[in-house]
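Please open it in your viewer and follow along.

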Amino acid sequence: MSDPRTHPLRKVLIVGGGSAGWMAATMLSRVLGRVAEIELVESEALGVVGVGEATIPPIRKFNRFCGVDEAAFLRATQGTFKVGIQFENWGAIGDRYLHAFGRVGQELDALVRMHHWWRLGQQADAPDYPKWEELFLGRAATDSNRFGHDPRNPGSLSELLPHAYHFDAIAYGQHLRQIAEKQGVKRTEGIVVDAELAGETGHVRAVKLEDGREVSADLFIDCSGFRSILLGKAMDEPFDDWSRWLPADRAVVVQSKAEGNDIIPATRAIAHSVGWQWRIPLQHRVGNGHVYASAFSNDDEAEQRLLGQLDSEAIGSPRVLRFATGRRQRPWVGNVVGLGLASGFLEPLESTSIHLVQTALERLVELLPSRAIDPALRNRFNTQSENEWCQVRDLIIAHYKVTQREDSEFWRHCSAMDVPDSLAENMALWKDHGALTIDGGHLFQLGSWSAVLIGQNFLPQRVHSLTARVEDKDIAPRIQELAHSLRVKAASLPSHSAFLRQIGAWSDA
């Protein structure tokens with residue numbers, strides 16, 4: 001086994017650009033800049049999918065590490081702030097709830113979690129009793145299109161209203177490219193068509209470009225999108241298909257004109273008779289897409305559903321994307337690591353696409369190999385990746401499974417389908433006791449699961465036994481007071497668009 005100090009990686013080759021490729025180039029150049037050469041091969045002729053416009057709060061950690069200035073990045077990408085995802089028509093038609101980032105506005109004590117107290121207070125039948133989502137600051141901020149934070153003085157507001165972003169994903173990749181190239185990353189124009197394997201190890205020795213050139217490296221990062229040119233094609237890594245739980249296999253996407261200065265600081269996920277529609281507000285346009293299952297709808301029907309639900313005039317013509325939901329069994333095979341669409345696809349219902357690239361990169365840095373590619377590091381990477389993907393998958397499936405909709409064949413199919421054992425166990429423990437089977441390694445913790453399950457009317461049948469020391473009529477006013485205090489706090493925030501201008505993040509382009 002070679003010593004990573006005496007046999008460090010000399011060269012890393014990233015195959016493919018887009019947000020995944022340039023995230024890899026930016027982060028790895030930050031880490032390996034003085035140790036290894038980093039080259040990225042991409043082709044403008046191929047283009048990128050470029051519809052992943054919504055993120056979750058950990059992206060701020062990635063941006064800080066890579067030296068991305070928040071205001072400059074928002075200007076460059078026409079970005080806006082995001083405090084959660086608003087789900088509409090998921091539990092039943094007409095329902096609405098917010099999966100807000102951050103913690104509940106205030107825990108009542110250190111022993112019993114807030115959702116138990118909220119559930120107990122419900123039993124008092126008090127007039128105007130708050131919904132669960134109203135105990136998060138993000139709900140009131142979203143309702144009033146307000147947002148604010150002070151990056152110089154992180155405090156309670158940052159904890160109660162943590163943020164992520166909406167942005168133009170193609171522009172984000174280009175913004176990162178500028179940073180990466182300043183850090184020494186070499187960009188090569190070309191289309192990778194094949195790979196040459198080393199006979200003794202089965203590792204990739206070099207990739208072959210369409211024009212006949214070859215590019216060699218010690219470690220290859222496959223960011224080639226659905227082509228999966230290295231992980232899927234060259235290494236022949238099998239694909240686990242999850243469509244039995246997530247039947248959507250297509251999306252029709254279109255941009256529309258901006259809706260004015262009242263910019264909602266949340267992604268909207270609007271359920272339709274077949275699948276759902278996203279609505280993502282940027283500064284100068286809105287990103288729209290409709291995720292659906294071809295087994296229940298043809299493309300023309302889906303396009304009409306999307307166009308009929310736009311809030312503003314469409315820009316250009318809709319385009320259809322086809323995908324298979326699932327993942328390559330091992331994202332790291334030999335000396336190839338797959339990122340983004342090259343390693344798998346989960347629909348963007350919880351805005352996790354860019355996050356899964358980020359965590360894979362963080363994992364790779366933590367387990368960075370020498371030129372020998374120690375199998376123990378590779379195996380650990382693959383195990384952690386599988387756990388993470390399955391955990392995210394389960395929450396996405398829960399949106400479809402936990403529904404009272406019976407208005408279409410699609411929703412009847414989703415409510416009746418079997419789910420993975422891990423999700424079934426989680427749902428059973430929640431229903432019976434208001435507890436979860438998840439541990440500290442999950443991306444989605446109690447706040448996320450409670451938002452979805454309670455928001456879609458899947459309520460715990462029992463509250464924690466320690467709530468027996470308090471009467472429901474005594475708890476209800478405290479819950480109402482908390483919801484009121486959060487509405488007052490939200491009212492003190494500037495409007496979302498005003499705050500973007502205040503910090504110099506608004507683009508006049």
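**A guided tour of the model**

Ser351 lies in the loop between strand S21 (344-345) and helix H10 (353-366); helices (H or I, at least four residues) and strands (E, at least two) are DSSP runs, numbered from the N terminus. This is a predicted model, in which local features need pLDDT of at least 70 and side-chain atom pairs count only at pLDDT 80 or more, while totals for chains, interfaces and linings use all residues. Residues are numbered from 1 along each chain as its sequence is written, and side-chain values use heavy atoms, with hydrogens and water left out.

Back to Ser351: its phi is positive, about 55°, although the residue is not a glycine. Ser351 is buried, with a relative accessible area of 5% (buried means under 20% relative accessible area, exposed over 50%, and partly exposed in between, with a 1.4 Å probe and protein chains only). Asp128, in the loop between H4 and helix H5 (137-143), also has a positive phi, near 60°, and is likewise a residue other than glycine. Is Asp128 buried or exposed? Its relative accessibility is 74%, so Asp128 counts as exposed.

Now to the charged side chains. Side chains of opposite charge can pair when their charged atoms come close. With a salt bridge defined as a side-chain nitrogen of Lys or Arg within 4 Å of a carboxyl oxygen of Asp or Glu, a search of the whole structure finds 30 of them. One of these joins Asp109 and Arg469, at 2.4 Å from N to O. Asp109 lies in the loop between strand S5 (96-100) and helix H4 (114-122), and Arg469 in the loop between helix H14 (446-455) and helix H15 (472-491), so this pair ties together parts that are 360 residues apart in sequence. Asp109 is partly exposed, at 22% relative accessible area, and Arg469 is partly exposed too, at 48%.

Arg330 and Glu237 meet in another salt bridge, at 2.8 Å from N to O. This pair links distant parts of the chain, 93 residues apart: Arg330 is in the loop between strand S18 (326-328) and strand S19 (332-333), and Glu237 in the loop between helix H8 (229-234) and strand S12 (239-241). Arg330 counts as partly exposed at 41% relative accessibility, whereas Glu237 is buried at 3%.

For Asp311 and Arg268, the closest N and O atoms of the salt bridge are 3.5 Å apart. Asp311 sits in the loop between helix H9 (299-307) and strand S17 (314-322) and Arg268 in strand S14 (residues 267-271), so the pair ties together parts that are 43 residues apart in sequence.

Next come the rings. A pair of aromatic rings is described by the distance of the centres and the angle of the planes. Rings of Phe, Tyr and Trp (its six-membered ring) pair if their centres lie within 6.5 Å; planes under 30 degrees apart count as stacked, over 60 as edge-to-face and the rest as tilted. By this rule the count comes to 24 aromatic pairs. In one of them, the ring centres of Trp276 and Trp278 are 6.0 Å apart and the planes are at 55°, so the pair is tilted. Both Trp276 and Trp278 are buried. Tyr400 and Trp411 form a stacked pair, with 5.9 Å centre to centre and 25° between the planes. Tyr400 belongs to helix H11 (residues 375-401) and Trp411 to helix H12 (residues 409-416), eleven residues apart. Tyr400 is buried at 1% relative accessible area, and Trp411 is buried at 0%. One aromatic cluster is formed by Phe87, Trp90, Tyr97, Trp276, Trp278, Phe296, Tyr400, Phe410 and Trp411.

Rings also meet charges here. A charge sits over a ring if NZ of Lys or CZ of Arg is within 6 Å of the ring centre and within 35 degrees of the ring normal. The charged end of Arg393 sits over the ring of Trp242, 4.9 Å from its centre, and that of Arg363 sits over the ring of Phe381, 5.7 Å from its centre.
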